[in-house]
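This report describes one protein chain, from its overall build down to single residues. The sequence and the structure come first.

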Amino acid sequence: MAFETIIVEIEDHVALIKLDRPDALNALNSQLAQELCIALEDADTNDKVRCIVITGSDKAFAAGADIKEMSEMSFVDVYSSNLFGALNDRVCAIRKPIIAAVAGYALGGGCELAMLCDFIIAADTAKFGQPEINLGVIAGLGGSQRLTRFVGKSKSMDMNLTGRFMDAEEAERSGLVSRVVPAKKLMEEAMGAAQKIAEKSQLSAMAAKEAVNRSYELPLGEGMLFERRVFHSMFATEDQKEGMAAFLEKRAAQFRDK
Ligand code: CAA
């Protein structure tokens, strides 16, 4: 399918999805949201893809939901279309690992999209924020929920109530992003991380993603049980035999996703 708001490249088992609405700082309009979901679902079912990276431009990962598109919408419009419900649910349903490579602004829906990914690698130019309060609304794609789990109540309240931006250093210190690198190195770092993931057994990578994500939904005891049962189930795979044999034989493992 030909996309107009994103660019998709597949190289060395990594699908790179670049948000591409430069005139609107990659604001998430309905077309971009739809195209992004299709690209993610294509990557998820493409055997050649083992990891996904979502990025934007040097200036903006995404400056939020498209304010122009939303400005005249009524409650009935957004409630009946369940605005942002499908984007949230369809990104959450992707089973392959997704890395967000963020430079510049990641605001509102942009910050929330980054948080929907499995982890965030940030350029030192990145700026995160939930400024929806300045528009007379609140976050609608996880800014009051996921951000609070990442950075804690006090900082999340601060961001959601004042609308202030957090720079990359503060975002790393607060646990929102996993690493910060110089802007020039962002894509090298993100693609390198994706390559590393692509080398693992897909079964282990998907199971690890599933287990970490369950930690957000379950009490500790239930989460520990879920993890242990998935860990046990990995012993039914050929990749477990191969991974452990390779370690003992001091050679690189050749995983076959079986
Ligand atoms: N929606 C639509 N267009 C946007 C946009 C957005 N979220 N953010 C920026 N743009 C557009 C601007 O309107 C401008 O277009 P024109 O040249 O046609 O006027 C262009 O992108 C460049 O933007 P600026 O001139 O404003 O650039 P700047 O460098 O001066 O400022 C900025 C950059 C601080 C990111 C500023 O653009 C800004 O504050 N943007 C809005 C951020 C925001 O409020 N995001 C939350 C949206 S609501 C939401 O996301 C809800 C949700 O939870 C899902």
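## Burial and surface

Of the 258 residues in the chain, 43% are buried; buried means under 20% relative accessible area, exposed over 50%, and partly exposed in between, with a 1.4 Å probe and protein chains only. The accessible surface of the chain comes to about 13900 Å², and 56% of this belongs to carbon and sulfur atoms. These areas come from the Shrake-Rupley method with a 1.4 Å probe, and for residues only the protein chains shown count as cover.

## Basis and confidence

This is a predicted model, in which local features need pLDDT of at least 70 and side-chain atom pairs count only at pLDDT 80 or more, while totals for chains, interfaces and linings use all residues. Residues are numbered from 1 along each chain as its sequence is written, and side-chain values use heavy atoms, with hydrogens and water left out.

The chain has a mean pLDDT of 98, and 100% of its residues reach 70 or more; pLDDT is the predictor's confidence in each residue, from 0 to 100. For the complex, the predictor gives an ipTM of 0.98 and a pTM of 0.98.

## Fold and dimensions

The chain contains 12 helices and 10 strands. Helices (H or I, at least four residues) and strands (E, at least two) are DSSP runs, numbered from the N terminus. The radius of gyration of the chain is 19 Å, close to the 18 Å that the globule rule gives for 258 residues, so the chain is as compact as a globular protein of that length. The radius is taken over C-alpha atoms, and the rule is 2.2 Å times the number of residues to the power 0.38.

Along the principal axes, the C-alpha atoms of the chain fill a box of roughly 60 × 45 × 40 Å. Among contacts between residues at least 6 apart in sequence, 66% join residues at least 24 apart, where contact means heavy atoms within 4.5 Å.

## Charge

There are 30 positive and 38 negative side chains, and the centres of the two sets lie 6 Å apart. Lys and Arg count as positive and Asp and Glu as negative, whereas His and the chain ends are not counted. The place of a charge is taken as NZ of Lys, CZ of Arg, CG of Asp or CD of Glu.

## A covered helix

Helix H5 (residues 109–116) is mostly covered, with 8 of its 8 residues buried. The buried residues of H5 include Glu112, along with Cys111, Leu113 and Met115.

## Positive phi in two loops

Most residues other than glycine have a negative phi. His13 has a positive phi, near 70°. The residue sits in the loop between strand E1 (6–11) and strand E2 (14–19), and His13 is partly exposed at 42% relative accessible area.

Asn82 also has a positive phi, in this case near 55°. Its loop runs between helix H3 (75–80) and helix H4 (85–92), and Asn82 counts as partly exposed at 49% relative accessibility.

Glu9 lies in strand E1 and counts as partly exposed, at 41% relative accessibility. Leaving aside neighbours within four places in sequence, Glu9 is in contact with Val14, Ala15 and Leu16. Glu9 and Asp89, 80 residues apart in sequence, are 24 Å apart in space, C-alpha to C-alpha.

Asp23 is found in the loop between E2 and helix H1 (30–45). With a relative accessible area of 82%, Asp23 is exposed. Its C-alpha atom is separated by 48 Å from that of Gln240, and Asp23 and Gln240 are 217 residues apart along the chain.
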